[in-house]
Amino acid sequence: MKRIVMGLVALALVATSIVASAQATVREREKYEGTWEFEEDCGFPVDVTGAESGLFILREGKNQDDGVFPYSVRFEYREVWTNRATGDWFVIRGHGLFNEVTATRVEGNVFEFRSVEAGQPFVVEDSDGNVVERNRGSVRVTFLFDNGGDDEPGGFFGDVIDFRVAGPHPSLDKHPCEYAVELIDG
């Protein structure tokens with residue numbers, strides 16, 4: 001997850017809920033952490049450094065849910081976006097839970113997943129620590145997923161059937177460079 005901000009937007013499209021399927025057992029449970037750095041072109045060069053940590057849990061379906069692997073991720077991260085020319089900076093940070101709540105076989109290898117992302121997955125702070133914008137609440141997504149028929153994690157995303165946002169999520173309509181222009185351009 002080198003580009004956590006874009007990853008969170010993608011997670012919102014595939015997001016999930018608070019309780020795992022009753023017909024699943026834990027296959028993997030792993031704490032993770034990492035760091036990254038990259039340059040973003042926001043009309044001017046911006047250096048981005050970040051760190052993340054969390055807990056990833058992969059479940060394995062049983063009985064009628066055999067062949068499906070719902071997962072959940074508890075995450076937190078922090079990025080610093082710095083204007084290379086001026087040294088001005090701001091922070092993007094977040095924490096939350098992404099959980100695939102249910103996976104129901106539609107037919108063959110195709111499952112309908114219901115998922116939720118909850119928490120404050122995207123918060124923007126200026127260099128004085130003032131919150132400029134914050135996502136909070138939840139994003140619920142129902143989507144189709146083809147597991148490929150191989151009884152291994154992975155597969156192919158299909159149609160999004162339902163997408164619901166509860167609470168304010170202003171960043172869903174903004175690229176992080178828009179914050180850079182507002183807060184650190186020139």
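These are my notebook entries on a predicted model of one protein.

**Ground rules.** I number residues from 1 along each chain as its sequence is written, and for side-chain values I use heavy atoms, leaving out hydrogens and water. Since the model is predicted, I take local features only at pLDDT of at least 70 and side-chain atom pairs only at pLDDT 80 or more, while totals for chains, interfaces and linings use all residues.

**Confidence.** I looked up pLDDT (the predictor's confidence in each residue, from 0 to 100) and found a mean of 86 for the protein, with 86% of its residues at 70 or more. Over residues 1–22 the pLDDT is below 50, yet this stretch has 75 contacts (heavy atoms within 4.5 Å) in the model beyond near neighbours in sequence.

**Fold.** I took helices (H or I, at least four residues) and strands (E, at least two) as DSSP runs, numbered from the N terminus, and noted 2 helices and 7 strands in the order α-β-β-β-β-β-β-β-α. Of the contacts between residues at least 6 apart in sequence, 62% join residues at least 24 apart.

**Strand S5.** I then turned to S5 (residues 110–126), where 12 of 17 residues are buried (under 20% relative accessible area; exposed is over 50%, partly exposed in between, with a 1.4 Å probe and protein chains only). For the protein, buried residues make up 42% of 186. Pairing requires at least two DSSP bridges between two strands; S5 runs antiparallel to S4 (residues 89–107) with 15 bridges and antiparallel to S6 (residues 131–146) with 14. The S4–S5 hairpin has 2 residues between its strands, and glycine 108 takes a positive phi near 55°; the S5–S6 hairpin has 4 residues between its strands, and glycine 129 in the turn has a positive phi of about 90°.

**Leucine 172.** I located leucine 172 in the loop between strand S7 (156–166) and helix H2 (176–184). Leucine 172 counts as partly exposed because its relative accessibility is 32%. Together with Val160, Phe163 and Val165, Leu172 makes a nonpolar surface patch of about 300 Å²; patch residues have over 30% relative accessible area and no salt bridge, like charges being joined within 9 Å and nonpolar side chains (Val, Leu, Ile, Met, Phe, Trp, Tyr) within 5 Å. A salt bridge is a side-chain nitrogen of Lys or Arg within 4 Å of a carboxyl oxygen of Asp or Glu.

Definitions and conventions:
Accessible areas come from the Shrake-Rupley method with a 1.4 Å probe; for residues, only the protein chains shown count as cover.
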